[in-house]
Amino acid sequence: MRQVKHRTPTGRPHRVAELLRERLALILLFKCADPRLKEVTLTEVEMSPDLRQAKVFYVARENVDRDQVQIALDKAQGFIKAEVARENLFRLMPEFFFLPDPGLDRAARLEELLKAAKAGSGGDSET
């Protein structure tokens, strides 16, 4: 009887996504001339199973206009693709989708709610 192997999240798309995240971060930091892109940290890349689409999640520093960062990423996408193509990572270049990382915003909001709840209870935890 033949065993069926289930794909794990550590499969090829995961490995390619991590490699792509590192390469994209270096491109944004050292090769892009737009100073708005220096204020971006890439948190995660999710590759589709066929490696044709890459969702690139990012966070911008606190004092940076997020809309301007998104505009800069969209504008630089052709240059970024050319730099990735130069490194010969892919047979077919994936389509990049730069998306703000919602996880960190949710964590910050949850922290604010916890602080407000703690302050609302008056800190009467001593009995």
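1. The protein chain holds three helices and three strands, and when these are read along the sequence they follow the pattern α-β-β-α-β-α. Please keep in mind throughout that this is a predicted model. Of the 127 residues of the chain, 28% count as buried, and among contacts between residues at least 6 apart in sequence, 58% join residues at least 24 apart.

2. The three strands make an open sheet in the order β1-β2-β3, with mixed pairing. The edge positions belong to β1 and β3, each of which pairs on one side only, and from one strand to the next the twist averages 25°. In general, strands of a sheet pair through backbone hydrogen bonds, and they may do so in either the parallel or the antiparallel sense.

3. The antiparallel part of the sheet is the pairing of β1 with β2, which extends over seven bridges and in which Met47 stands opposite Ala54 of β2. The pairing of β2 (residues 53-60) with β3 (residues 95-100) is parallel and extends over six bridges; here Val56 has Phe98 of β3 as its bridge partner.

4. Which residues of the largest nonpolar core touch the most other members? The core has 26 residues, and those with the most such neighbours are Leu20, Leu24, Leu28, Met47, Ile80, Val84 and Phe96. Two or more residues are given to this core by each of α1 (12-31), β1, β2, α2 and β3. As a general background, nonpolar side chains in soluble globular proteins tend to be buried together. Leu28 deserves a separate look: leaving out residues up to four places away in sequence, Leu28 touches Leu37, Lys38, Val40, Leu42, Leu73 and Ile80.

5. Beyond its neighbours within four places in sequence, Leu51 is in contact with Arg12, Pro13, Val16 and Pro94. The C-alpha atoms of Leu51 and His14 are separated by 9.9 Å, although these residues are 37 residues apart along the chain.

6. Asp101 is found in the loop between β3 and α3 (102-120), and with a relative accessible area of 15% this residue, too, is buried. What does the side chain of Asp101 join through a polar contact of 2.5 Å? The partner is the side chain of Thr43. When residues up to four places away in sequence are not counted, Asp101 touches Phe57, Tyr58 and Val59 as well as Thr43.

Note on methods: Residues numbered from 1 in each chain as written. Predicted model: local features only at pLDDT ≥ 70, side-chain atom pairs only at ≥ 80, totals over all residues. Heavy atoms only, no water. Pairing = 2+ DSSP bridges. Helix = DSSP H or I, 4+ residues; strand = E, 2+ residues; numbered from the N terminus. Contact = heavy atoms within 4.5 Å. Buried < 20%, exposed > 50% of the residue type's maximum accessible area, 1.4 Å probe, protein only. Polar contact = N/O pair within 3.5 Å; in protein donor to acceptor, adjacent residues only side chain to side chain. Core = buried A, V, L, I, M, F, W, Y, C linked by side-chain atoms within 4.5 Å. Axes fitted to C-alpha atoms, helices over the stretch in contact; angles between N-to-C directions.
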